[in-house]
Amino acid sequence: MTDPSGQIDHILIEDRKFPPPAEFTKRAVVSTQAQYDEMYAKARDDRDGFWKAEANEHLHWFEPFGDVCQWNAPHAKWFLGGKTNASYNCLDRNIDAGRGDKLAIVWEGEPGDTRTLTYTELRSEVAKCAAALTQIGISAGDVVSIYMPMTPELPIAMLACARIGAIHSVIFAGFSAESIADRNNDASAKMVITADGLYRRGKVLPLKETVDEALAKSPTVEHCLVLQRTGTENVPMTEGRDVWWHDVVDSQSDDFPAVPLDSETPLFILYTSGSTGKPKGILHTTAGYNLWAKRTFDWVFDHREDDIYWCTADCGWITGHSYIVYGPLSAGATCLMYEGAPNHPAEDRFWDLVEKYKVTILYTAPTAVRAFIKWGDEHVEKHDLSSLRLLGSVGEGINPEAWIWYHKMIGGERCPIVDTWWQTETGGIMMSPLPGITATIPGSCTTPLPGIVPAIVDEAGNVVDAQHGGMLCIAEPWPGMLRGIYGDEQRFVEQYWSMVPGKYLTGDNARKDEHGFYWIMGRIDDVINVSGHRLSTIEVESALVSHDAVCEAAVVGRHDDLKGQAIAAFVTIHNREPNEELRKELKLHVRKQIGALAQPDDIRFAATLPKTRSGKIMRRLLRDVASGREVVGDTSTLEDLSVLAKLGDDEA
Ligand code: ATP
Ligand code: MG
């Protein structure tokens with residue numbers, strides 16, 4: 001079915017350009033192109049020399065490392081023989097540098113309760129939790145599942161594991177008992193840390209009950225630590241297994257030194273979002289990951305000492321790991337953390353928080369931006385967002401029209417936007433504008449960070465030319481790269497290292513334009529083949545979203561006897577009636593924007609699109625719906641199962 005060259009046609013033209021404001025550049029961490037060029041060249045040409053200096057400058061070493069990188073594709077080891085500790089780097093190192101009284105976490109709960117923790121206070125809490133874990137019987141190498149609301153105790157629990165060398169496996173607190181049990185069993189977890197309940201849109205969800213159901217099917221779990229968050233009554237506690245946080249953590253000594261750990265000590269396991277199939281348990285280790293999270297944070301978020309930084313992700317995703325916990329805390333940042341939903345009690349909750357805490361850097365996802373657009377500008381206009389100086393996007397491609405809205409409505413046309421491309425597997429941001437130097441173009445994640453050598457190849461592994469897209473690979477090892485799929489070497493090798501030997505296969509398609517900018521073109525699995533032309537989902541979707549009536553769009557291929565595949569589009573709309581007239585208008589709109597070839601054959605109006613819990617559109621399920629097939633495949637990470645049923649009946 002596929003074009004033998006394996007290249008992807010590029011049809012969307014986007015030439016709006018946004019240079020960084022001069023004021024921004026003047027004070028930026030990376031403030032000249034020459035500075036980036038020099039770093040990039042050094043990391044490429046002298047990998048060991050570059051990362052040796054970075055690691056020595058940005059991490060604390062209890063014992064120095066010897067070799068910088070041992071690369072035995074697909075296995076990498078970094079900073080061999082060195083001893084460090086991620087919790088030390090996030091806490092003690094900042095306290096030693098004089099940031100003890102600086103706020104590390106500024107937290108607001110969904111009901112409006114607040115809490116702040118300085119770096120010294122955060123270290124005390126982490127030390128107490130580490131002492132409690134040790135007392136309970138957890139030691140280095142044990143896996144601890146964390147299924148908690150977004151309270152400060154979630155990063156505290158993560159850092160406590162890191163402090164003693166236990167491996168955390170954070171499970172998003174919306175997952176079912178089945179999904180928790182799967183993850184517990186896959187990782188042989190010895191303990192679960194959870195809470196009595198969770199606030200969501202004003203309601204209390206009984207977390208502990210769900211955990212109990214999971215634990216009935218998790219034979220390896222011996223202990224359960226329970227935080228009291230919602231004050232839920234009659235929480236079931238199993239004698240000998242379950243203990244309350246306030247009984248065993250609060251009374252511990254706050255002097256629990258970080259354990260010196262070998263650089264390659266596993267730090268965490270984290271399951272991917274499940275957009276393309278069953279989630280994979282990605283393994284990251286201590287030193288390389290920690291360094292990558294910190295340096296990418298410094299470069300991309302242009303961190304200054306007085307910033308109030310807010311990443312709206314949940315700690316249950318890699319974005320929360322790298323850019324709520326390990327990156328910003330290693331950099332000594334002040335992080336806002338919010339517990340609840342963006343539309344509780346009203347659709348302006350985020351803007352209320354930005355105004356109240358004078359947030360300077362905001363990092364969120366396209367799915368959130370699309371929701372804000374749908375909810376209406378009036379919620380934004382009510383608030384003073386003048387504290388913001390930098391905006392970020394992660395998780396999916398951001399359609400140019402959503403980018404422009406974000407730039408105007410949230411950024412007041414003065415804040416650079418960093419569209420950051422990366423994955424659970426990559427540990428940290430791989431490609432992104434550097435806000436002080438990059439003239440951004442909506443829809444492009446622009447250029448690779450130092451140390452990242454992308455290669456775009458066709459199915460035979462040959463590099464494709466600038467006019468076409470192909471499979472995005474990474475040609476050289478980098479410190480934050482995954483070290484494996486936990487307990488599944490075979491899947492690790494097959495998934496990432498078999499199709500293109502010696503290079504890491506990302507699973508995404510991309511194109512490099514004539515200026516050297518990269519454009520992510522969607523997933524390899526999602527390419528649509530119309531009459532021998534291979535089209536990227538994102539380009540057709542962006543054309544649809546550029547119509548005023550369309551909020552969100554997802555396109556997939558379905559079988560067509562004549563063309564091979566036909567294009568089926570699912571759209572959510574606002575300000576218009578879903579009818580035949582609009583359907584025709586949208587088809588014509590795409591034809592005008594990007595050409596007849598890309599005109600959708602079917603347009604279906606949907607109330608919502610199926611998404612992962614991390615907010616990504618699940619096209620693989622839509623493929624089945626578009627073909628009239630029963631939906632098969634893993635739906636464990638689907639946000640709302642009822643969405644699938646509703647998609648069957650088109651609104652028009
Ligand atoms: P699974 O691997 O289980 O199918 P997933 O790939 O969605 O799930 P994540 O690691 O959470 O799991 O997401 C990484 C993916 O998200 C990337 O491979 C890419 O497809 C998409 N992505 C992330 N950031 C961007 C971005 N800035 N632009 C385009 N796509 C992005
Ligand atoms: Mg993936």
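# Notebook: a walk through the predicted chain

**Overall build.** I counted 20 helices and 30 strands in the protein chain; helices (H or I, at least four residues) and strands (E, at least two) are DSSP runs, numbered from the N terminus. The radius of gyration came out at 24 Å, close to the 26 Å that the globule rule gives for 652 residues, so the chain is as compact as a globular protein of that length. For that value I used C-alpha atoms, and the rule is 2.2 Å times the number of residues to the power 0.38. Along its principal axes, the C-alpha trace spans about 70 × 60 × 50 Å.

Residues are numbered from 1 along each chain as its sequence is written, chains are lettered from A and ligands numbered from 1 in the order in which they are written, and side-chain values use heavy atoms, with hydrogens and water left out.

The chain exposes about 23,300 Å², with carbon and sulfur atoms supplying 48% of it. Those areas come from the Shrake-Rupley method with a 1.4 Å probe; for residues, only the protein chains shown count as cover. I also looked at contacts (heavy atoms within 4.5 Å): among those between residues at least 6 apart in sequence, 72% join residues at least 24 apart.

**Ligand 1.** Next I asked which residues surround ligand 1. There are 20, and the closest are Thr272, Ser275, Thr276, Thr424 and Arg523; a residue counts as near if one of its heavy atoms lies within 4 Å. By class I see three nonpolar, 10 polar and seven charged residues in this shell. The classes are Ala, Val, Leu, Ile, Met, Phe, Trp, Tyr, Cys and Pro as nonpolar, Asp, Glu, Lys and Arg as charged, and the others, Gly among them, as polar.

I then looked up polar contacts, meaning pairs of N or O atoms within 3.5 Å; within protein, one must be able to donate a hydrogen and the other to accept it, and residues adjacent in sequence count only if both atoms are side-chain atoms. A ligand 1 oxygen sits 2.7 Å from a polar backbone atom of Gly274. A ligand 1 nitrogen is 2.8 Å from a side-chain N or O atom of Asp419, and a backbone N or O atom of Thr420 lies 2.8 Å from a nitrogen atom of the ligand. Taken alone, ligand 1 exposes 630 Å², and the protein buries 93% of that.

**Ser432.** Two of those ligand partners turned up again here. Ser432 is in the loop between strand 20 (417-419) and strand 21 (454-457), and it is buried at 0% relative accessible area. Beyond neighbours within four places in sequence, its contacts include Asp419 and Thr420, along with Val300, Val418 and Leu449. Ser432 and Leu449 are 17 residues apart along the chain, with C-alpha atoms separated by 7.0 Å.

**Helix 15 and what follows.** Eight of the 11 residues in helix 15 (400-410) are buried, among them Trp403, Trp405, Tyr406 and His407. Just after this helix, Gly412 takes a positive phi of about 55°. Glu413 also has a positive phi, near 60°, in a residue other than glycine. I place Glu413 in the loop between helix 15 and strand 20, and at 53% relative accessibility it counts as exposed.

**Lys208.** Is this lysine buried or exposed? Lys208, in helix 8 (residues 207-215), is buried, with a relative accessible area of 1%. Its side chain reaches the backbone oxygen of Pro236 at 2.7 Å. Lys208 also touches residues including Asp196, Arg241 and Asp242.

Asn72 belongs to strand 1 (residues 69-72) and is exposed at 53%. Asn72 and Gly502 are 430 residues apart in sequence but 9.4 Å apart C-alpha to C-alpha. The Ala73 to Pro74 peptide bond is cis, omega near 5°, and Pro74 is in the loop between strand 1 and strand 2 (75-78). Phe79, in the loop between strand 2 and strand 3 (83-84), has a positive phi near 60° and is buried at 0%.

Key: This is a predicted model: local features need pLDDT of at least 70, side-chain atom pairs count only at pLDDT 80 or more; totals for chains, interfaces and linings use all residues. Buried means under 20% relative accessible area, exposed over 50%, partly exposed in between (1.4 Å probe, protein chains only).
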